[in-house]
Amino acid sequence: MQQINIYYGGRGLIEDPTIYVMNKLTEVLGELNIEVKKYNLYEDKQGISVLPKTLKEADGVILAASVEWLGIGGFLQQFLDACWLYGDKDHIKELYMLPVVTATTAGEKDAYQTLTRAWEILGGIPCEGICAYVEDHTEFETNPDYALLIEKKAESFYRSFSKKLKVFPSSTNSICENTLRPKTMQLTPQESEQLSMYVSDNNYVQKQKEDIEELTSMFKGLLGDTDEEEAAAPIAGDPLADALKEHFQPVSPLTVCYNLQFEDGRVLSVDIHDEELTCSNKANPAANVQIRLDDKTVRRIVQGELTMHNAFLSGAVTAKGDFKQIRTFDTLFPIAMS
């Protein structure tokens with residue numbers, strides 16, 4: 001049995017006329033003994049990047065967009081992006097696509113052209129689809145003339161993909177094959193599919209970002225230091241470092257390290273081990289907390305107008321790591337209490 005995949009990019013609202021059109025198309029294709037599988041993109045936002053692999057099951061595709069204010073919508077755009085990055089282009093070249101666009105505001109023709117052109121760029125075969133402006137969805141859905149038009153489009157689409165009808169060549173396909181190749185590594189379809197699964201795994205992506213940040217910090221230190229001991233030497237003349245040394249109130253036992261990153265890219269690493277305080281300009285990859293702050297906030301902290309904890313709560317600084325140590329910072333360096 002042949003199969004058609006519908007990818008719906010709307011929000012699933014009851015009054016969305018695109019849903020009516022999809023249901024009507026499904027009904028007609030079912031009568032023609034075609035299995036229809038529908039993917040509501042809004043239901044699985046995180047899994048959109050792996051959906052291109054479902055194209056392998058299909059003999060044809062319906063891309064359904066709802067224009068509520070401008071364009072085809074973010075979900076459908078993400079799906080097309082994923083097809084470009086991870087889809088099997090050799091298989092897409094054999095797929096006929098029926099574009100379906102209904103609009104409750106202006107812009108249905110632009111959205112229709114976007115779907116058609118996107119599918120041509122991917123190498124697929126767009127068919128003549130459905131493009132309609134719907135002012136009153138109830139009137140649209142109860143009009144028998146519109147229902148007949150949808151049925152005719154479904155039958156025409158069926159003839160196209162089932163008989164593999166030839167279409168006139170398009171310059172878009174030729175141009176894209178030669179000039180719009182992805183600027184990435186050449187991957188096999190299997191490798192692209194595997195990559196899309198990694199991309200959709202938030203935990204994996206977050207872990208990779210953390211690893212990259214750690215490696216970047218480490219190699220920056222290695223590449224930027226001609227003299228390891230000089231790079232780790234205590235800072236002299238830094239207003240914040242001087243203020244921290246002046247107001248340091250040891251807490252024992254305690255071992256904690258802060259990386260303070262400034263607007264100009266400089267880093268002040270503050271390392272406390274019981275009663276010993278060390279400040280250096282080399283980031284410590286094992287720091288408990290990373291803190292980013294601008295020059296204005298630094299001045300206010302040095303002048304005792306603002307504590308680090310209040311700066312964090314107000315959004316004046318951003319942090320990553322053990323947030324509890326931010327409050328400890330004010331205990332160790334009670335500048336604002338002086």
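**Reading a core, a helix and its salt bridges**

Mentor: This model is predicted. In its largest nonpolar core, which has 28 residues, the members that touch the most others are Tyr-258, Leu-260, Leu-268, Val-270, Leu-293, Met-308 and Phe-333.

Trainee: Which element gives the most to this core?

Mentor: Helix α11 does, with four residues. Among the other elements that supply at least two residues each are β7 (255–261), β8 (267–273) and α13 (308–314).

Trainee: What is Leu-293 in contact with, beyond its neighbours within four places in sequence?

Mentor: Its partners include Leu-260, Phe-262, Val-298, Ile-301, Met-308 and Val-317.

Trainee: How do I read a helix, and which residues of α1 are buried?

Mentor: Residues three or four places apart point the same way, because an α-helix has 3.6 residues a turn. In α1 (residues 17–31), the buried residues include Tyr-20, Lys-24 and Val-28. Just after the helix, Asn-33 has a positive phi of about 65°.

Trainee: How many salt bridges are there in the whole structure?

Mentor: Side chains of opposite charge can pair when their charged atoms come close. A search finds five salt bridges here. One of them joins Arg-11 and Glu-68, at 2.5 Å from N to O. Arg-11 is in the loop between β1 and α1, and Glu-68 in the loop between β3 and α2, so this pair ties together parts 57 residues apart in sequence.

Trainee: Where do Glu-151 and Lys-24 lie?

Mentor: Glu-151 is in helix α6 and Lys-24 in helix α1, 127 residues apart. Their side chains form a salt bridge of 3.5 Å, N to O. Lys-24 is buried, at 14% relative accessible area, whereas Glu-151 is partly exposed, at 25%.

Definitions and conventions
Residues are numbered from 1 along each chain as its sequence is written. This is a predicted model: local features need pLDDT of at least 70, side-chain atom pairs count only at pLDDT 80 or more; totals for chains, interfaces and linings use all residues. Side-chain values use heavy atoms; hydrogens and water are left out. A nonpolar core is a set of buried Ala, Val, Leu, Ile, Met, Phe, Trp, Tyr and Cys residues joined through side-chain atoms within 4.5 Å. Buried means under 20% relative accessible area, exposed over 50%, partly exposed in between (1.4 Å probe, protein chains only). Contact means heavy atoms within 4.5 Å. A salt bridge is a side-chain nitrogen of Lys or Arg within 4 Å of a carboxyl oxygen of Asp or Glu.
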